[in-house]
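Biologist: I am new to this structure. Could you walk me through it, one question at a time?

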Amino acid sequence: MRCPYCSAPDSKVVNSRPSDDGASIRRRRECLNCARRFTTYERAQLEPLMVVKRSGPREAFNPDKLLRGLVLASEKRPVDSDALRAFAYGFEDEVQAAEIRSEEIGRRAMTFLRPLDDVAYIRFASVYRDFDSLERFIEEIRGLKDEGEAEG
């Protein structure tokens, strides 16, 4: 490991211990050249989750892209931004497959948003489901209203 202070190529490990509930290893190192200490973290390199787009191509899952959509749908709504961030960045860990269809990501995001805020849910659904008419949009809102009345 190259020293971040003097760029010397050699360092020695002074201390190692598990970190992040065993998901990584924290190593305390000492530069053999300047004797300064620094910390490194070692994590397993997993194959990225691949997303199969509607049009067919595949791309690596990007939690920032999912978070952007959730934040946009929740703009000016009483939705906890930490919950959105936890969902987006924990999403990849929840998927047990090597690839997922973009439609499934949208479905899971809608399932996540539904109990948090009806308006955020509808906003996300309007983009995800690509409503092609005002009638389809109204139909979705009526479905929400009917579900709410059935629960109450």
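Modeller: Start with one pair of residues. In this predicted model, Arg 27 stands opposite Thr 40 in S3.

Biologist: How many bridges join strand S2 to strand S3?
Modeller: S2 covers residues 24-31 and S3 covers residues 37-43. The two strands run antiparallel. The bridges that join S2 to S3 number seven.

Biologist: Which residue takes a positive phi in the hairpin of S2 and S3?
Modeller: The hairpin has five residues between the strands. Phi is near 70 degrees at one residue of this hairpin, and that residue is Ala 35.

Biologist: Now the pockets. Which element gives the most to the lining of the largest pocket?
Modeller: The largest pocket holds about 560 Å³ of space. It is lined by 20 residues, and Lys 65, Leu 66, Ile 105, Phe 124 and Val 127 are the closest to its centre. Strand S5 (58-60), helix H1 (63-73), helix H3 (102-113) and helix H4 (118-128) each give two or more residues to this lining. The most, five residues, come from H1.

Biologist: What volume does the second largest pocket have?
Modeller: The lining of the second largest pocket has seven nonpolar, one polar and three charged residues. Among its 11 lining residues, the closest to the centre are Leu 46, Glu 47, Pro 48, Glu 92 and Asp 93. The volume of the second largest pocket is about 290 Å³.

How values were computed:
Residues are numbered from 1 along each chain as its sequence is written. This is a predicted model: local features need pLDDT of at least 70, side-chain atom pairs count only at pLDDT 80 or more; totals for chains, interfaces and linings use all residues. Side-chain values use heavy atoms; hydrogens and water are left out. On a 1 Å grid over the protein atoms alone, a cavity is a set of points where a 1.4 Å probe fits but cannot get out, and a pocket is an open set with protein on both sides within 12 Å along at least five of seven lines; lining residues have an atom within 4 Å of a point. Grid points are joined across faces, edges and corners, and a volume is the space filled by probe spheres set on the points. Helices (H or I, at least four residues) and strands (E, at least two) are DSSP runs, numbered from the N terminus. Ala, Val, Leu, Ile, Met, Phe, Trp, Tyr, Cys and Pro count as nonpolar, Asp, Glu, Lys and Arg as charged, and the others, Gly among them, as polar. Two strands pair if DSSP finds at least two bridges between them.
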